[in-house]
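Here is a short report for a reader meeting this structure for the first time. Please look over the sequence and the model before reading on.

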Amino acid sequence: MSFAIAIMAAGKGTRLKSKRPKVLHEIGGKPLLLHVVSAALKVVPASDIYVIIGHQAEQVRAVVAPTGVRLVEQVEQRGTGHAIQAAAAAVAAYDNLLVLSGDVPLLRTETILRVRDFHLAEQAAMTVLTATPADPTGYGRVARVIAGGDVPAQLETSAVARIIEQKALSGTEQQLREINTGIYAFRTAPLLAHLGELETNNAHGELYLTDMAALLVKAKERVVALRAEDTAELSGATEVLGANTIAEMMLLDRALRHAMCARLMAQGVTIFQPETVVIDPGVRVGPDTVLEPFTQLLGSTVMGERCRVRSYSVLENTTVGDGVTVRQGCIVEDSEIGSDVILGPYAHLRPGSRIGQGAHIGNFVELKNVQFGVGSKAGHLAYLGDAVIGSGVNIGAGTILCNYDGVQKHQTTIGDEVFIGSDSVLVAPVSIGKGAYVAAASCVTQSVPEDALAVGRARQVNKEGWAAKRRAMSARKKN
């Protein structure tokens, strides 16, 4: 049985009060829509996923195109039913269609698979994923069929009588607590056969996909409901929540990050005050690693075992080996850190930094595009850019690698066991040979041979009495 997935992402999201498309607002480090696409890609190939775009279509297209999914444009946005009408030709050849919402970012792959499998097992024309939140206000309700009759009920059977929008609820229907999540599975043939029967006789004058339930029941087709399951990390009602305001979106972000922390702690990671820690869903952390309050692990960061990340450090898209200590306030992005490294406090590793095993990058040291060798040290107040630095090197406090001439970047190469004295300036392109020394306060503009001492500073001259004469002269001028 072939399945396609349609993801509805054409809406404006007017309640957000934002100029950006709703589905491009971010939680957990990436747009809402990409969370849904990521879950869908674990169910079917990209070629079987159709994202329906409309409002600010080109912006949405640019974000989602790299995933390889197909795009269908809903030029005029006239409701969810109209969105599926726009995609009808694209999905007509499939036996079944799963319909997801691009603004439900916590939806798990496991839940999509449950809907698919239940739909097939029930041999249904339509399957509705439902939930029962504490407060169902604002959501359409699902009226189930009581066994042996057609009176609306809540959980008596899997069969559905109809889906009722919030504004259309009658007096007795106000008691219904089970909500429609907007996530469905359809058998494609009956869906397309009755899709043209949708009408706009509702408060917004739009074509609602929810009305397909009543149309299919009227046509003697089977419509069923499946409740979202609670997990140790998320309740079923939370998993299927959408967001209509920025505040609601931030509640989803908090739920997502809480779930991420819970998952890591279950895998042996210690997280102090997890409510203060920011961890993106793509992050992996090894057991016995400790994360202190107010740390951030972002993007695709991977941390090894037995590490410690101290407060106020931020690591983004960075690979970290085992036994690494990241002291307070370090900023690391797009870099690789070997095992047993010590960073910081207040080190800044910019993109392209690769730190060898056992190295030490200390207080207020900044690196950019540097290969830093095994066991090497830069303890204090240095800028190292565009360099290859060997093993066992000592970089003194205040060292600067001058890598930019105003037009081009140039490389500095420093061999193994080199000692760079404090307050040295190395003007690239330049090489320092293995075992060489650079005297403190030197300005090095030429390459240094192996085992040599480079002294690049003016000879000191002491002028006796100069300061006293200057003070006397200043006093005379004031008088």
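Helix α1 spans residues 32-40, and eight of its nine residues are buried, so the helix is largely enclosed by the rest of the structure. The buried residues are L32, L33, L34, H35, V36, V37, A39 and A40. This is a predicted model.

V36 of α1 is buried. V36 is also one of the residues in contact with S101, once neighbours within four places in sequence are left aside. S101 itself sits in strand β6, which covers residues 96-101. The relative accessibility of S101 is 15%. Buried means under 20%, so S101 counts as buried.

Now the chain as a whole. The secondary structure comes to nine helices and 40 strands. The radius of gyration is 31 Å, well over the 23 Å that the globule rule gives for 479 residues, so the chain is more spread out than a compact globule. Along the principal axes, the C-alpha atoms fill a box of roughly 110 × 55 × 40 Å.

Buried residues make up 48% of the 479 residues. Take the contacts with a separation of 6 or more: residues 24 or more positions apart account for 41% of them. The accessible surface is about 22,400 Å², and carbon and sulfur atoms hold 51% of that. The charged side chains number 47 positive and 47 negative. The centres of these two sets lie 10 Å apart.

F294 lies in the loop between β16 (290-291) and β17 (296-298), while Y312 lies in the loop between β19 (308-309) and β20 (314-316). The pair therefore ties together parts that are 18 residues apart in sequence. F294 is partly exposed, at 41% relative accessibility. Y312 counts as exposed, at 54%.

The pair of Y346 and F364 links distant parts of the chain, 18 residues apart. Y346 is in the loop between β25 (342-343) and β26 (348-349). F364 is in the loop between β28 (360-363) and β29 (366-372). With a relative accessible area of 44%, Y346 is partly exposed.

Note on methods. Residues are numbered from 1 along each chain as its sequence is written. This is a predicted model: local features need pLDDT of at least 70, side-chain atom pairs count only at pLDDT 80 or more; totals for chains, interfaces and linings use all residues. Side-chain values use heavy atoms; hydrogens and water are left out. Helices (H or I, at least four residues) and strands (E, at least two) are DSSP runs, numbered from the N terminus. Buried means under 20% relative accessible area, exposed over 50%, partly exposed in between (1.4 Å probe, protein chains only). Contact means heavy atoms within 4.5 Å. The radius of gyration is taken over C-alpha atoms; the globule rule is 2.2 Å times the number of residues to the power 0.38. Accessible areas come from the Shrake-Rupley method with a 1.4 Å probe; for residues, only the protein chains shown count as cover. Lys and Arg count as positive and Asp and Glu as negative; His and the chain ends are not counted. The place of a charge is taken as NZ of Lys, CZ of Arg, CG of Asp or CD of Glu.
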